[in-house]
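Let's walk through a fold together, one question at a time. Have the model open while you read.

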Amino acid sequence: MKPSVFRAALFDLDGVVFDTEPQYTIFWGSQCRLYRPDIPGLEHIIKGQTLDQIYDGYFAGKPDVQEAITQGLNAFEQQMKFEYVSGFLDFVADLRRNDIRTAVVTSSNQPKMSSVYRQRPEFIQLFDAILTSEDFAHSKPHPDCYLRAAARFGADSDSCVVFEDSFNGLRSGLAAQMAVVGLSTTNSAESIAPLCHLVIPNYQGLDHESIWKKLQQKFGLLHA
C-alpha cells in the first residue's frame, strides 16, 4: 500500500491515548505470579491481547481463576488513572481542526470504557467513533477491527493511519494495509520498528502535517 490522502486517524487506547500500560503491567504481574508462576514474564507476553484471548491461552479450564481475575481487574480499573500520552490532546485537536476523522479502536470492553468516561468526561468529544471489543468479529492481530473503523468513515485503507503500541495491534494495522505509527510507550522502539512504518515516543511537537510528511518520506513518496 501507499498512503494517498490522510482522512482518518485510528487509535488504540492503552499505551496510545492513555499512558496506562505501566499500571496494567503491575496488575497482570501480580495475577500471573499468583496463577501462572510457571511462565515468568507472562504479563509482558499478553500485552495487546483481549481478556478472552488471555483466558483461552493461559487460564483455559479454570473458571474460578478467570472469575477471580475478572473481579480483580474490574476493581483495578475502577481506581486506575487515565493520563493522556504526552502531547496527545494537542495532536488530536489539530486532526479535528483539519477535518481528519478520529476513532478509538480498542480491545477494551464496555465496563472498562465506563470507567474511562467517568474519569475523563471529555473523552467522547475527542473522537468521531469509539469501537470496543464488542464491535469486532475477530480480535487483533486480525485486521477486522481497523477495517471496520475505516468503513465507519467510508475511508480506504490507504487513507487511514493506525497508532498502536502492542505487537498484536501493530500487526493488525499492517494486516489492514494501513500506514502504521508505533508508539514506544509499552515496548522498545527497536522491538516495534519492524512492525510499523514510523516510531514515535509520544505526540509532543507533532501535528497532522508532520506525521503525514514522515510517512510519505518512509514510503518514498516525498524526499526528505
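Reader: What should I know about the model and its numbering before we start?
Author: This is a predicted model, where local features need pLDDT of at least 70 and side-chain atom pairs count only at pLDDT 80 or more, while totals for chains, interfaces and linings use all residues. Side-chain values use heavy atoms, with hydrogens and water left out, and residues are numbered along each chain as its sequence is written, from 1.

Reader: How many helices and strands are there in the protein?
Author: Helices (H or I, at least four residues) and strands (E, at least two) are DSSP runs, numbered from the N terminus. On that basis the protein has ten helices and six strands.

Reader: What is the radius of gyration of the protein, and what does the globule rule give?
Author: The radius is taken over C-alpha atoms, and the rule is 2.2 Å times the number of residues to the power 0.38. For 224 residues the rule gives 17 Å, and the protein is as compact as a globular protein of that length because its own value is close to that, at 17 Å.

Reader: Which strands stand at the edges of the sheet?
Author: Strands pair if DSSP finds at least two bridges between them. The open sheet has six strands, paired parallel, in the order β3-β2-β1-β4-β5-β6. Two of them have a single partner strand each, so one side of each is left without a neighbour in the sheet: β3 (129-131) and β6 (198-200).

Reader: In β6, which residue is the bridge partner of V181?
Author: Strand β5 (residues 179-183) pairs with β6 in the parallel sense over three bridges. In β6, the partner of V181 is L198.

Reader: Within what arc do the buried residues of α4 fall?
Author: Buried means under 20% relative accessible area and exposed over 50%, with partly exposed in between (1.4 Å probe, protein chains only). In α4 the buried residues are V65, I69, L73, F76 and E77. Taking directions from the helix axis to the C-beta atoms, these residues line one face of the helix, because they fall within an arc of 90°.

Reader: And which exposed residues does the face turned away carry?
Author: Turned away from the buried side of α4, that face carries P63, D64 and Q71.

Reader: Is T102 buried or exposed?
Author: T102 sits in strand β2 (residues 101-105). Contact means heavy atoms within 4.5 Å, and beyond its neighbours within four places in sequence, T102 touches residues including F11, L126 and F153. Its relative accessible area is 0%, so T102 is buried.
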